[in-house]
Each structure stands twice: as C-alpha cells, then as structure tokens.
Amino acid sequence: MPQEILERPPGASFFVILSYQEEGILFELKALAEKRFSKILYESIQLTKWTPDETEREFAYPGRFTKVLSFKQRIHREELVEKKKDCLEFQSLLQKKDQSVLLIPGYVTSHNIVIAKSKDDFHRTYLFQGVYGETIYFFSGNQLVITESAQNYFRERDVSYFFNTLRESYEFNKFKS
C-alpha cells in the first residue's frame, strides 16, 4: 500500500490590497513594498472602493481609492503571517499621512485566493500570531468561484476580473523561477 507523503506546495503569488485617500500614499507604499517584498509585477487599475466588513469597521475608514499590487517573488503560504505583520507596520507608518490607509495581504494559488485578517470570524482559519486566513475565491473547473462568506467587494466585476487574471498569470508562470 502506498504511503501518504507530506509535501510543501509550490510558492504562491503574493499580493496586497491597498485602500487609501491621498494619491501620494500609493507611491510611498510601492517604495516600501519593493524594498521589503520584491519588484511589483502587476498593479490593478483603480478598483471599486474597499468596503470594510464587520470585523474591520472599528479600525478601518477606507479611502476613495483601492488598488491591488502583486509581487514578483513567490511566497510559501505560511509566510502570510509575516506578510500581514509587515503590512500592519506599513499601515501604521502610512496612516500618519492618511488615516484611511488599509492594507490586506493575500496570495494566489492554483486552487484558491486567500487573504489575511486580524480578527476571527466563523469562516476564517486561525494561522498563528493573531492572523487568520480567509478563502475568498476558489477555482472549480478552471472557473473563478466566490465563497458565500466573501464580502461584497470581491463580487464586483472589476475586482473578480483582476483576481482571475492574476490567477491565470500564476498558472502560466507557476514553474518558472
């Protein structure tokens, strides 16, 4: 009988959702992020305004702009916790100039798109160090499917289109270094 083998999956494509009010914040975040993470591979168009969910309302006052930045370097899925901590550090720094700054890190794999949150909810999985993972989309029959619990932001056509395109790029480049 074959033995079950534990294997580390291939690296995931890392991204950050940025909500902000002041236009200069985007350029500051890009500079910080490229130093800490890697070169920005993709930048979304201006997307639908971020709407905080119930767990974010106490600390998030989203700005009128929302973009997604995707990075060249792949991450291992367990690194999402460190990336969330990095984003909280950047968020705190940038909120001195724009109180509306909100950063939500996540990753894309062949099977799903996951974001990191700092608050527990029924549909989130605790990772560690106060960080929870939430699956937003999964792929079934090569189709992007939104989870029932995902906030309405992810149902917007421009948002789902961008994440579907990001996943296609991930699949195309999955085994390239």
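Me: How many aromatic pairs does a search of the whole structure find?
Reply: This is a predicted model. Rings of Phe, Tyr and Trp pair if their centres lie within 6.5 Å. The search over the whole structure gives 14.

Me: Which kind of aromatic pair do tyrosine 126 and tyrosine 132 form?
Reply: A pair of aromatic rings is described by the distance of the centres and the angle of the planes. For tyrosine 126 and tyrosine 132, the centres are 5.1 Å apart and the planes make 65°. Planes over 60 degrees apart count as edge-to-face. The pair is therefore edge-to-face.

Me: Is tyrosine 132 buried or exposed?
Reply: Its relative accessible area is 14%. Buried means under 20%. So tyrosine 132 is buried.

Me: What does tyrosine 126 count as, by relative accessibility?
Reply: Tyrosine 126 has a value of 46%. Exposed means over 50%, and buried under 20%. Tyrosine 126 therefore counts as partly exposed.

Me: Where is tyrosine 126 found, and which residues make the nonpolar surface patch with Tyr126?
Reply: Tyrosine 126 is in strand S6, residues 125-128. The patch covers about 280 Å². With Tyr126, the patch is made by Leu127 and Phe128.

Me: Which residue lies over the face of phenylalanine 139?
Reply: A charge sits over a ring if CZ of Arg is within 6 Å of the ring centre and within 35 degrees of the ring normal. Over phenylalanine 139, the distance from the ring centre is 4.1 Å. The residue is arginine 167.

Methods
Residues are numbered from 1 along each chain as its sequence is written. This is a predicted model: local features need pLDDT of at least 70, side-chain atom pairs count only at pLDDT 80 or more; totals for chains, interfaces and linings use all residues. Side-chain values use heavy atoms; hydrogens and water are left out. Patches are made of residues with over 30% relative accessible area and no salt bridge: like charges are joined within 9 Å, nonpolar side chains (Val, Leu, Ile, Met, Phe, Trp, Tyr) within 5 Å. Accessible areas come from the Shrake-Rupley method with a 1.4 Å probe; for residues, only the protein chains shown count as cover. A salt bridge is a side-chain nitrogen of Lys or Arg within 4 Å of a carboxyl oxygen of Asp or Glu. Helices (H or I, at least four residues) and strands (E, at least two) are DSSP runs, numbered from the N terminus. Buried means under 20% relative accessible area, exposed over 50%, partly exposed in between (1.4 Å probe, protein chains only). Rings of Phe, Tyr and Trp (its six-membered ring) pair if their centres lie within 6.5 Å; planes under 30 degrees apart count as stacked, over 60 as edge-to-face and the rest as tilted.
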